[in-house]
Amino acid sequence: MESFSWTYHQQTQRRNDCAAVKLTQNSQISDGESVRKQQMASTRSGLRIQGDDNLQSMIVGTIMRKIKSRTWKKQRHFKLQEDCMTIWYQSKKTGNAHSTFSVSDVEAVREGHQSEVLLSIADEFPPDRCFTLVFRGRRGNLDLVADSAEEAQSWIKGMRKLIENLENMGEREKLDQWICDWFKKADKNHDGRMNFKEVRDLLKMMNVDMNEQHAHRLFTGADRSQTGTLEDDEFVLFYKMLTQREDVLRVFQDYSGDGQKLALPDLEDFLRDEQLQSEEVRQHAMELIERYEPSDTAKMLNAMSIDGFLMYLSSAEGAIFNPHQRDLYQDMSQPLCHYFISSSHNTYLMEDQLRGQSSVEGYIRALKRGCRCVEVDSWDGTNGEPIVYHGHTFTSKILFKDVVNAIGNYAFKVSEYPVILSIENHCSVEQQRVMAQHLNDILGDKLLKSTLDGQIPPRLPSPEELKGKILLKGKKIGGLEGGLNGMAEDSLTGEVSYEDEAADIDEEHLHHDSLRRRTKKSKQRLSKELSDCVVYCKSVHFSSFKHSRIHSKFYEISSFTESKARKHLREAGADFVHHNSRQLTRVYPSGLRTDSSNFNPQDMWNAGCQIVALNFQTAGVEMDLNDGLFSQNGHSGYVLKPDFMRGSGRRFDAETQQSRDGYQPLSLSIQVISGQQLPKVNIKEGSIVDPLVRVEIHGVPVDQAKQETRYIDNNGFNPVWYDTLRFTIHTPELALVRFVVEDYDKTSKNDFVGQYTLPFTCIQQGYRHIHLLSRDGTSIPPASLFVHVKITELV
């Protein structure tokens, strides 16, 4: 008879040694299933290798050149480990020294000369021998040259297959792989077994500070073969014993009629009472059993075991982010100015803005993160070719045409909605013409060259109408009306008022030897060819809100430094919101931020500013908020502003939102229950995390708040808090909720462990897992928090 769950749980909700031993006796079928599945997965992996020439070639290994620059080209021996998850490489000269990286760290493989480094050696190595491994987060890419086109293709196709296999893995397979990885790390003598000393070392590596006697009892309970060591399947059992979820079991037993299973009515009650589901509850409960229950017997009886329940709670459906709002769910037919737009500043930079590297990779990474507005600082280059870099600094330089190529190739990989190309033009008229030529030749039909229907509309077009289009934001000679009425100037150049970020830096009284900024000019010569590329985003000088109300056209856009934007916020917040209901506004970081740090974008979103440009290359709370806001709506880079910020007749002010129509404050209660497999942050041997959880609310000023749990001593593996944090949310439509886990340190600043940020309006109530992200915003599975969320109206 198949067991529904680990039956010792019927007797107690607390882990104890007797229960652990009982587990080994009473859960053999369910553990056997898990082991069989892992063995089957391993067999499938072996079959994949046997049937795939590319993977077999990768396992044998290949000598390739690792390229860092035109002058740094060194041979390395690369090979795929037999786990099909790890790439090992070694210098031919350094003896035993070697390095590894995980296939899961690789986001994509690019063929040919698709990086500045490989372009620099294009005359030496043909494109069919070159490829680039692109890593997640901010880790630098790996540029490689194989000895032949055939070897290059083996690695390109093989790596792509491995990445695809990983992406198609289920949650249980991912966890099995994670357990397998730990087993290999701990198996120091590589004999496929783990003795108790290796297990003790493993527990330290995994962030567990466990009583040695208790650990030994678990070890003995898992050692079914009584050999004094754990083999693969025994280690899986040891891991399951180690990771008992008392917190989830407690919830399970609250709703289980017999302590062993959730019958269909039990699961319905849970979904209705805790997860606050009101529609088609029975149908959904049956779907959850079908999708997550590993026991066939339980499925036949329309029931869910503790294993299935945990799998559901750990899935995307059981996560705190409402999966329906991850999809495109908002109205995309409103004017462009009615959306927040994911926007990047100094997009070409990979580091700081004084000495950092300029790279087309900056554009590729930003666009692949859903960014819809990128910045291009263009200057006169040699041989008549415009260049892109941070002017008058030591940042490296890249060709304008390479930037346009990258944008053309990657603009619509993640989102089909329009990309705004914000040009800061410092070029001579001659090189402006070259810029216009490149834009037209490279982008072709993607570049918007005229209004959509040849008419002057009364408002900006919508993201839906502009799908697949790239819009140029910059100076323009005259307006739309003149061009469409056949009144465009015949001259090849015109004069426009000159403003740029350099001038704004002067205004902020920045005097630095390495920033030899030119003085502000009142006029700039602009080529007609470049001017004609600007349609709906004509850059204009901002005078005042009153002036804009009377004189501004819907297609005009003004840019503000963060300090100027804050000044307008303080002095005329409601006017700023009203202005942004009709026109686009761009806000960018102060020139004083030479380290490429960021300002808090929330203040600008509170005023309805659409293009809040951040340094995507700089991790931190500001980029967490940006990622959090734009994680909804299909990752399209466009988020519809609340209705009270869109109507021209409305007068919303973030300082006094209580007076708005429909004002209804909400109470947010978050019980932080537990954490799972938090990563180590201190590489010192024996160091274990003392985790605490902070919940931050970012929104209108009255909503800004943060609260913390207590910290747990020496347990980053399965800490338990049951601490409840409560907040009042006055403007939920603008609120973001950020969960931060830190390693408490009483003598110095706490170390960052992980975070997760999401819009308040995307929260699912009830018992939810929060899958933590790294400082770079990349996932760190299986690290998570388990919480209970409740939202109620305040009377």
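Reply: Helix α15 (residues 360-368) packs against helix α16 (residues 400-410) at an angle of about 20°, and their axes are 9 Å apart. Helices here are DSSP runs of H or I with at least four residues, numbered from the N terminus. The axes are lines fitted to C-alpha atoms over the stretch in contact, with angles running from 0 to 180 degrees between N-to-C directions.

Before going on, keep in mind that this is a predicted model: local features need pLDDT of at least 70 and side-chain atom pairs count only at pLDDT 80 or more, while totals for chains, interfaces and linings use all residues. Residues are numbered from 1 along each chain as its sequence is written, and side-chain values use heavy atoms, with hydrogens and water left out.

Back to that angle: α15 and α16 are therefore roughly parallel to each other, a label for angles under 35 degrees. Their crossing is right-handed, meaning the near helix is turned clockwise from the far one by less than a right angle.

So who touches whom? On the α15 side you'll find Val-360, Tyr-363, Ile-364, Leu-367 and Lys-368, and α16 brings Asp-402, Val-403, Ala-406, Ile-407 and Tyr-410. Contact means heavy atoms within 4.5 Å. Sorted by type, the residues of this α15 and α16 contact come out as eight nonpolar, no polar and two charged. Here Ala, Val, Leu, Ile, Met, Phe, Trp, Tyr, Cys and Pro count as nonpolar, Asp, Glu, Lys and Arg as charged, and the others, Gly among them, as polar.

How values were computed. Helix = DSSP H or I, 4+ residues; strand = E, 2+ residues; numbered from the N terminus. Parallel < 35°, antiparallel > 145°, perpendicular 65-115°, else oblique.
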